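Subject: Structure handover

Hello,

Here is the structure I promised to pass on. Please open it alongside this note, and my findings follow below.

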Amino acid sequence: MTDTQSPPPQATPDQRPRAPDASRVQRLQSDQEALDAAHRLAALFAPGASGRDRERRLPWAALDLWSESGLGGITVPRAYGGADVSFTTLAEVFLILSAADPALGQIPQNHFGVLGVLREIGTDAQKARFYAEVLSGHRLGNAGPERRSKTILHGQTRLVQTPQGLRLSGERFYSTGALFAHRVPTRALDDEGRAVQVWVSRDAPGLTVVDDWSSFGQRTTASGTVRFDNVAIDAADVLPIWQLAERPGLFGPSSQLVQASIDQGIAQAALADALAFVRERARPWIDSGLQKATDDPYIIQDVGRLQVDLHAAHAVLHEAGQLLDAIRAAGTVTAEDSARASVAVAEAKVLTTQIALDASEKLLELAGSSATREAHNLGRHWRNARTHTLHDPVRWKAHLIGNYLLNGVAPRRHSWN
């Protein structure tokens, strides 16, 4: 069968994000305010999630609401005017949003990932400037790994010194959030071959964001191509991320904690839809002798098992967040702290991956053949789970945990650990 679906259109100037109205952006000051804001947005996002997925309608208006909610600034340290919420709260915020719409949950993941890098290696001047932008509603995207590089950490994107100043050139992919962002940070190598992170303004001449994301899941994340064509760069917009491999920190575990939270949200939504469909639409099997599908002992058992696994994954996710909070509260992060944090989050990632896949597949099995009708669009849960859980291979999470426990090998320090 030939795929006749038209590719997504390329980004056009009218698809650039609007400058936020700072007077409309909330300044959240506590963990509870962050959770309340997430619940309010989730209530607004959930009703349109299926339609956005089916028609691939990019969530521009929803993201403007996200900016105005103040959630973008919740990890900004209090010294710079932010709420500086706990990792536990950050994870719960992503879970809440992802249960409503996992694409809208995923789009801000890189926003917080690059803020984690800024927190660990940014200068005071960089922090003051970038945090102020975020608190005024600016969104951060990310120009992700290169499409055909040897590994995620390799690439041909270069930041070079020229007679005209610093210039950035390269092409990236898997750039979740970049299309909607006011700044597009990217990884590049400098003239000395060291990895740096360059925070590029979305309006910079030579920067092109292409809406060519065509995955079967997470359809509206616009995680496509970003091109840098000799883009002029101010040295003040460059962070030396090569330093992160040389010092213990929490930027990797905190980034992975967000990924696990998104998967947990997908699982939660899938189980909720399974319960609703079985109660309202499913019929009992003819050999059961039952009047209602909700009385089927096999369905009851499967629902119970899914709830146990969902609860277990959530508990381990919560424990991982608490460990990161305790490490940060203790002050200096040691090498052992960093390793323990990565292992704890890896344990959560293993469980949230499994329950996201199990719940989204069991949804269709328990609800029956009528649940596969496109009108219900229940398949989106599995498509989203399968797509997002491939962000990094869970088999290597199990290896990370086992290698640490058995051989005392600390995980490597990068955004995927």
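Does glycine 408 count as buried or exposed? Glycine 408 counts as exposed, because its relative accessibility is 56% and the cut-off for exposed is over 50%. Before going further, please keep in mind that this is a predicted model.

Glycine 408 sits in the segment after helix H12, which spans 394-407. In sequence, glycine 408 and alanine 339 are 69 residues apart. In space, their C-alpha atoms are 9.8 Å apart.

Alanine 339 also belongs to the contact between H10 and H12. These two helices pack at an angle of about 140°, with their axes 9 Å apart. That angle makes H10 oblique to H12. The crossing is left-handed.

On the H10 side, the contact residues are Glu336, Ala339, Arg340, Ser342, Val343, Ala346, Glu347, Lys349, Val350 and Thr353. On the H12 side, they are Val394, Lys397, Ala398, Leu400, Ile401 and Tyr404. By class, this contact has nine nonpolar, two polar and five charged residues.

**H9 against H10**

H10 covers residues 335-367 and also packs with H9, residues 297-329. Here the angle is about 160° and the axes are 9 Å apart. H9 is therefore roughly antiparallel to H10, as the angle is over 145 degrees. The crossing of H9 and H10 is left-handed. Its contact residues divide into 20 nonpolar, one polar and eight charged.

**H6 against H8**

Now look earlier in the chain. Helix H6 is residues 109-121, and helix H8 is residues 251-280. Their axes come within 9 Å and cross at roughly 165°. So H6 is roughly antiparallel to H8. This crossing is right-handed.

H6 brings Gln109, Gly116, Val117 and Glu120 to the contact. H8 brings Phe251, Val258, Gln259 and Ile262. The residues divide into four nonpolar, three polar and one charged.

**Aromatic rings**

How many aromatic pairs does a search of the whole structure find? The search finds nine. One of them joins phenylalanine 130 and tryptophan 199. A ring pair is described by the distance of the centres and the angle of the planes. For this pair, the values are 4.3 Å centre to centre and 25° between the planes. The pair counts as stacked, because planes under 30 degrees apart do.

The pair links distant parts of the chain. Phenylalanine 130 lies in helix H7, residues 124-135. Tryptophan 199 lies in strand S4, residues 195-201. Phenylalanine 130 is buried, with a relative accessible area of 1%. Tryptophan 199 is buried too, at 0% relative accessibility.

There is also a ring cluster to find. Ring pairs link Trp66, Phe94 and Phe112 into it.

**Two positive phi values**

Most residues other than glycine have a negative phi. Arginine 56 has a phi near 50°, a positive value. Arginine 56 is in the loop between helix H2 (49-55) and helix H3 (60-69).

Glutamine 218 also has a positive phi, near 45°. Its loop runs between strand S5 (207-210) and strand S6 (225-233). Glutamine 218 counts as buried because its relative accessibility is 1%, and buried means under 20%.

**An aspartate in H2**

Which residues does aspartate 53 contact, leaving aside its neighbours within four places in sequence? They are Arg219, Asn377, Arg380, Arg383 and Asn384. Aspartate 53 is found in helix H2. Aspartate 53 is buried, with a relative accessible area of 7%.

**A lysine between H8 and H9**

Lysine 292 is in the loop between H8 and H9. Lysine 292 is partly exposed, because its relative accessible area is 46% and that class lies between the cut-offs of 20% and 50%. Lysine 292 and aspartate 84 are 208 residues apart along the chain. Their C-alpha atoms are separated by 49 Å.

Best wishes

Key
Residues are numbered from 1 along each chain as its sequence is written. This is a predicted model: local features need pLDDT of at least 70, side-chain atom pairs count only at pLDDT 80 or more; totals for chains, interfaces and linings use all residues. Side-chain values use heavy atoms; hydrogens and water are left out. Axes are lines fitted to C-alpha atoms, for helices over the stretch in contact, and angles run from 0 to 180 degrees between N-to-C directions. Helices (H or I, at least four residues) and strands (E, at least two) are DSSP runs, numbered from the N terminus. Angles under 35 degrees count as roughly parallel, over 145 as roughly antiparallel, 65 to 115 as roughly perpendicular and the rest as oblique. A crossing is left-handed if the near helix is turned anticlockwise from the far one by less than a right angle, and right-handed if clockwise. Ala, Val, Leu, Ile, Met, Phe, Trp, Tyr, Cys and Pro count as nonpolar, Asp, Glu, Lys and Arg as charged, and the others, Gly among them, as polar. Contact means heavy atoms within 4.5 Å. Rings of Phe, Tyr and Trp (its six-membered ring) pair if their centres lie within 6.5 Å; planes under 30 degrees apart count as stacked, over 60 as edge-to-face and the rest as tilted. Buried means under 20% relative accessible area, exposed over 50%, partly exposed in between (1.4 Å probe, protein chains only).
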